Amino acid sequence: MKTGKYILLAAVIGLSLNSCELLLPDDIINPNVSDETFLNSANAMQAWVNGANRSFAEAIGNYCELMEILSDNYYNNYSRSSQVFDIPRILYTDTDVTSLQRHIGTLREAADYGIGTVAEADASTTRNNLFNLYYIKAFSFILGGEYFRGLPDTEGGEIKTWNEYLHTALAVLDSTWAYADTDEEKAFVRTLKARTYYRLGDKENAASEALASLALSPDFVKQVEFDGTNGVNNPIQEAVWDTWFQPLPRLDFLDPKYFQTAATEQRPINLAKAEENYLILAEACLADQNEAQAKSYMQQLLALVKSRPIQQDVNDQLEERFNGGYKHYPDNSGYSVAASEGEPFRTGLVLDRQAPHLIAIPYISGTSVTEDWIDGTSGIDELLTLLYLMRQEIFFGEGRRVADLGIRMPVCEVEAANTPSAADYLEALIPPFIPSDYGMDDFTMDEETQQVTITYNMNRIIVENKSSEYVAPFFH
């Protein structure tokens, strides 16, 4: 993977977030400081970690922005950001594909340089510094394994398949574990392992890691932070708060997950949370035909979601669910929404946003699913459909949905020009059951009856195709 000379850049950028800066004698920051000068400076590792964290934040923010519109969660109703991912159309020549791939290489190289060269040079390196860098490296492999068909895993190397990427992620997470000192850190690592085993379809190991994580911390949340004061902004926040993107109407009540209550506020993004472990355990039970235990985990999950904080009194009155875009969306609580033709219309999914109304938004996790809904559902497929709705709602805005839909990106054009083995990975993987021509975002809206019907219930479509190679990894 071609990453170029990102190492020095990451370190220098990190200095802006650190109280200790590399200065010339006249106190002017030197943008061209050499590697040797940097490595021999005070607090080199902390500066490096700051730079790596900035790169990590930007990467996660960009993944969330682009993966949300590639899925059925959001539609790009404005002129900014990708205009083709909604179709979905994913070409290896697309600059967004190149950018997303480059993030992975940048994170891996920054982590490796810090773990090796900087740690060796700086005696003040801490266990927490190394924990931080190892989980960034692990995350680079998780991103590659979940979203791409294959990628190189070294500078200029040959293509590794997504499965190989995820197995490497597991090995890196074992190294990360060695530096995890608190129960929260250990729960974070265990959850990432559960997530990785889940995607590989390894039900036993995924469930084991999920249980181990919950034993360490039943309610942890790990987030990536941004810094509006220093210009480290959350890309998806701009897209959803400034109304470029519109949510699928059945998800209206969760938007905007990244709101703004002050001029420089930049909301964090959830990297991992305890909810994922309950989701994995419930799906494992359904794969084992154990409905009762699956329902028990779903009820425990629901209790956790209900305990999560909600931001009250968010002023979203500039949001008109159109704002000069391409199509109108339901804009008040009088609307009811059906997940697809023939399914029941549900109220409470669309919020009143216009003056004088203020809204309440769950920003860790939220769901429209209730205890009674879980209790009243029977049959493996019906429970699995409900569970995938919970996955969609709980991970809303976090860039996770694309992996559940089985969509994978190709190797980018830059890589293809330099790597012979890339020739077999130049086409995106879009499962045959994924609707084309903006179908995932499509709905009909009757303004007289105030009823909205989503064209495709993608959760039901996932379950209908659970035995395919693309989705529901525990079922094939």
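Trainee: Where does Asp442 lie?

Mentor: The model before us is a predicted one. In this model, Asp442 is found in the loop that runs between α15 (413–416) and β11 (443–446). The relative accessible area of Asp442 is 34%, which makes Asp442 partly exposed. Leaving aside residues up to four places away in sequence, Asp442 touches Lys327, Ile454 and Thr455. Phe148, by contrast, is 294 residues from Asp442 in sequence, and the C-alpha atoms of the two are 26 Å apart in space.

Helix α5 is mostly covered, for 19 of its 21 residues are buried. The same check can be made on α6, which comprises residues 162–177. Its 16 residues should span 22 Å, and this agrees with the 22 Å between its end C-alpha atoms.

In α6, the buried residues are Tyr165, Leu166, Ala169, Leu170, Val172, Leu173 and Thr176.

Two pairs of helices remain to be described. Helix α8 (residues 203–216) packs with helix α10 (residues 275–287) at an angle of about 140 degrees, their axes being 9 Å apart. This crossing is left-handed. On the α8 side, the residues in contact include Ala206, Ala210 and Leu214, while those of α10 include Tyr278, Leu281 and Ala284. Taken together, the residues of this contact comprise ten nonpolar, two polar and two charged.

In the second pair, the axes of α11 (residues 291–307) and α13 (residues 380–394) come within 11 Å and cross at roughly 20 degrees. Since angles under 35 degrees count as roughly parallel, α11 and α13 are therefore roughly parallel to each other. Their crossing is left-handed. Glu291, Lys295, Met298, Leu301 and Val305 of α11 meet Ile380, Leu383, Leu386, Leu387, Met390 and Ile394 of α13. Of the residues in this contact, nine are nonpolar, none is polar and two are charged.

Conventions. Residues numbered from 1 in each chain as written. Predicted model: local features only at pLDDT ≥ 70, side-chain atom pairs only at ≥ 80, totals over all residues. Heavy atoms only, no water. Helix = DSSP H or I, 4+ residues; strand = E, 2+ residues; numbered from the N terminus. Expected span 1.5 Å × (residues − 1). Buried < 20%, exposed > 50% of the residue type's maximum accessible area, 1.4 Å probe, protein only. Axes fitted to C-alpha atoms, helices over the stretch in contact; angles between N-to-C directions. Left-handed = near helix turned anticlockwise from the far one by under 90°. Contact = heavy atoms within 4.5 Å. Nonpolar A, V, L, I, M, F, W, Y, C, P; charged D, E, K, R; others polar. Parallel < 35°, antiparallel > 145°, perpendicular 65-115°, else oblique.
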